[in-house]
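Welcome, and thanks for taking a look at this one with us.

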Amino acid sequence: MAPEKTVRIGCYSAFWGDSVSAAEQLVTLEGKNLDYLVADYLAEVTMGLLARHRKSGANPKKASRAGPGGYVGDFITFVWKRLIEDIVANGTKVITNAGGLDPLALKEAIEQIAEENGIKGLVVAAVTGDDLHERAEEMNAKGELIPFNYITGNKDEVDRYPGAEKKNLSLNAYLGAIPIAEALDAGATIVVTGRVVDSALVLGPLLHEYKWNPNKDWDQMAGASLAGHIIECGCHTTGGNFTDWELSANSPHGGWANMGFPVVECKSNGDFIVTKPAETGGLVTIATVAEQLVYEVLDPGSYILPDVILDLRNVKVSQIGKDRVLVTGAKGRPPTPYLKCSGIYVEGYKITADLWIGGIDARRKALAVGDAVVKRARKNLEKFGIEDYTAVRVEALGAESSYG
C-alpha cells in the first residue's frame, strides 16, 4: 500500500520586517522536501503604511522597502532575488500576501526577475478583489459596511464606517483561500495576494492538493486553517514568543540566534504535525504550539474565517517526538455571509517627542510636566480653533507605569 500523502508547508515571515534569513533557512535546510513556502507580511498597520506610500506617489526608481504601487518590496529584495534559483530547482511553490495593495505589480516584478535569471515556464498568479478603497463611499451609502466592535463582538454604536467620508487611505476585505486554490489548480507555481486572512496561505494549497469540497468538507478545512494559524506568526510557535522563554533562548543549535522557523506536515483529514528544520534553535513542544493556538482567538468555539468557522474546543496537542507535535480534533462549520474589512483613514495629527526627567521624585515630576504640557497645548488648540484631543494618556516610562 502506498504511504499516505503528506504536504509540507513552511512559513518564513510573520510580519513585514521579520528575519531576512528565515526564507533561506527553510529553502536551504528543507530543500526538495518543502512543497510550499508561505509568508505573511500584512498587519492592519502595514496596510496603512502601504497606503501612505501609495498616496505619496513615491518615485518607483527611488530605493524603498515598499513597491511603487504599494506592495511589500522586501519580498523581491530579500527573498526572490536571492533564492529564485534554489526555489525553482527544489520545485517549491510560493504563496504570499506580499502583494499588499498592488498584487499585479508584484506579479510583474516576480516575472521580471525570473526573466532576468533565464527561468522559463514560471506561472505567477495574482489574487485581487480585496481592495475596496475606491468603493468606500458607495458601499457606505448602501449600508454595506457594518462597523463591528472587535472586543464585544457586537455591531458598533455608529451606523456607518467613518473613514469613507474622511481622508480614507485604504479599505480592504479579508479574502479567503479559494482564489489561491483556484490559481494553483490553473497551474500557478507562485501566488501573490493582497489582504487575505493569514490562515488562507495554508488552507489554499491544501484545498488544491487534497481537492476538498469547499462547501462540505468543513472539518478538513478547519484543520488546515488551524495549521495556517499555528505557523502564520513564524517562530512564535517554535518558542520565539513563549512563557518559558529561557528554554527556547538557551536551546541547542544556537537558541534564539539561530531560531528555527515552523513547518507543518499536513494530512488529508486535516490533522497535521508541527516541526522545524533540524539543527536550528528554538523548540516545538505542546506548550509552544498551544500558546500560538490561542493567539488572537476571541471565542474558541467560533473562530470566524471567510471559508469556515473553526471550533477549537476539542483540539488535542500531542508530543510525538523531539520537536514534533501532532494537532488533531479541529471541527468546522459553514462560514458567515460577511467578510471582515480593515479600514484605515486619517484622523487628526500625531507628534512624538522625548523629554528625559531624572532626580529625586522623578516620577511625580514627570507626571506634573505631562499634565502641564497637555493643559498648555489645549489652550493653544482652543486659541486656534482646533478640536480638542480625542483622548489623553500620560505615562512616566521607567517608573512602572505599565505594570505597577
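A cavity here is a set of grid points where a 1.4 Å probe fits but cannot get out, and its lining residues have an atom within 4 Å of such a point. Please keep in mind as you read that this is a predicted model.

**The cavity**

- A search of the whole structure turns up 1 cavity of 30 Å³ or more.
- The volume of the largest cavity is about 90 Å³.
- Its lining is made up of Tyr12, Ser13, Phe15, Gly17, Asp18, Ser19, Val20, Ala23, Tyr41, Asp74, Phe78 and Val79.

**Helix α11**

- Helix α11 spans residues 362-383, 22 residues in total.
- From first C-alpha to last, α11 reaches 31 Å, close to the 32 Å expected at 1.5 Å a residue.
- Gly370, Val374 and Leu381 are the buried residues of α11.
- On the face turned away from the buried side, α11 carries the exposed residues Arg364, Lys375, Arg376, Lys379 and Lys383.

**After the helix**

- Which residue with a positive phi follows α11?
- That residue is Gly385, with a phi near 70 degrees.

Key
Residues numbered from 1 in each chain as written. Predicted model: local features only at pLDDT ≥ 70, side-chain atom pairs only at ≥ 80, totals over all residues. Heavy atoms only, no water. 1 Å grid on protein atoms, 1.4 Å probe; cavity = no way out; pocket = protein on both sides within 12 Å on 5 of 7 lines; lining within 4 Å. Points joined across faces, edges and corners; volume = space filled by probe spheres on them. Helix = DSSP H or I, 4+ residues; strand = E, 2+ residues; numbered from the N terminus. Expected span 1.5 Å × (residues − 1). Buried < 20%, exposed > 50% of the residue type's maximum accessible area, 1.4 Å probe, protein only.
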